[in-house]
Amino acid sequence: MRRVMWLLGSVMISFLEAAENESSFETVSIWTVILIVAVVATGILFFASRQIAKLRTFHEKMLSKQLEMEEKQNQILTSMSENIHDAAQEALKKSHDIIESNISSSQEKEELMGDIEDQLLGVTNDLIYFLRIKSKKIEINNQPFNLNNVLNEVSGLLGTKHAGKEVELIFDVNNNVPRHMIGDSLHVGRVLSNLLEYMFSRLTDEEVKLEVSMFNHTEDNIDLQFRLRDTGTGIPKEEVESLFIPYYDEEEGSYVGLGLFIAKSLSELMGGTLSVESLEGKGTTFILDLPLKLVDVENRRRYRLPDKALTEKQVLIVDSNYNSGLAIKKMFAYFRHEVRVITKEDFEFSMPKMDGYDIIILKASLFSGNVIRHLLEIKEKKSDLKIIALNNLLNVSESNFHGGLIDAHLFKPVNQEGI
């Protein structure tokens, strides 16, 4: 604003000087100058008033959102005991129905009872976390931890809860990410689990990729970024704006958004940020940035094989999901292996020549009679050939392979220590 007023003053002086040089005001009318200044000043005032109005609208909108969030959270707090009671009563009713049902298999009954127990525990755990966050009882405990262990726990929880679901979960960890770091591993795992749980609840047969990268490390400080992308239908814009605001849906009799609220709150308590991007028809991406510390600043080598002879091998990966195959390739390439990835469809259409490889990783469903015979023939000539069956943690193949063909089973999503 000061620069604009200074400019206006300069223009007026220039006009007046020009008029004086002409020794009369006939060339440049003082009234013309006044009119110009008045028009410009009016424009400035109009522009300023519009900006003030925009700021006022913005603040009113933010205040409205804040009040809405507080109101919904107060509703959760006031009805919490009643809702926990209702959830427990419903669980008891379902348990009684299972006991009285015609299901003859005791194993099937146990599985159904386990599902009910997990559902009840999930609700109460979220409510307990919600209460602890609201009462500021959450403590951040920074200790050395192994990132791979956190990823294993997260994938294990999802594999148990969503067994049989046709969703491809991919871990794509950049090679510059250290194995050991200092932070609150319990809460990091909780945030990732809650985000993935939300994404899985909206998907049927799509793909979820968890990408982990490291940025801006100085001395022992690092910034770790987790990007969780799915290939689902996306979230409408109006829903994105209130995605992290929890509430109790009386019609459905369930809590909505508690998991995401907990994830965002824990992220901020750890000094990080959590945001979301979504386009309808294009999928959703959650971005989690966390400040952490390195355990061993001097040791830049993060993974080692027991013997140099185990490096620089020829590796073939055949997977039903090409992106998953590429993520596994990155992990094998870390150890200087020469890796080729082909899709399950290409393999079935035209089986490649496999006797030139040292390690062959095949999707478990590809071990047909012809493939098994062919691999056994290769193994008779090349005894050090390693055959690995690739399984999806959500859909573990129950096929049995005979004749000592399979040397190991690899379960997706894969991390470096799973190789």
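Pro413 lies in the segment after strand E14 (408-412), where helices (H or I, at least four residues) and strands (E, at least two) are DSSP runs numbered from the N terminus. The peptide bond leading from Lys412 to Pro413 is cis, with omega near 5 degrees. The model is predicted, so that local features need pLDDT of at least 70 and side-chain atom pairs count only at pLDDT 80 or more, while totals for chains, interfaces and linings use all residues. Residues are numbered from 1 along each chain as its sequence is written, and side-chain values use heavy atoms, with hydrogens and water left out.

Most residues other than glycine have a negative phi, and most peptide bonds are trans. Lys136, although not a glycine, has a positive phi of about 60 degrees, and its place is in the loop between helix H3 (106-134) and strand E1 (143-146). Arg336, in the loop between helix H8 (322-333) and strand E11 (338-343), likewise has a positive phi, near 65 degrees. Lys136 counts as exposed because its relative accessibility is 74%, whereas Arg336, at 48%, is partly exposed (buried means under 20% relative accessible area, exposed over 50%, and partly exposed in between, with a 1.4 Å probe and protein chains only).
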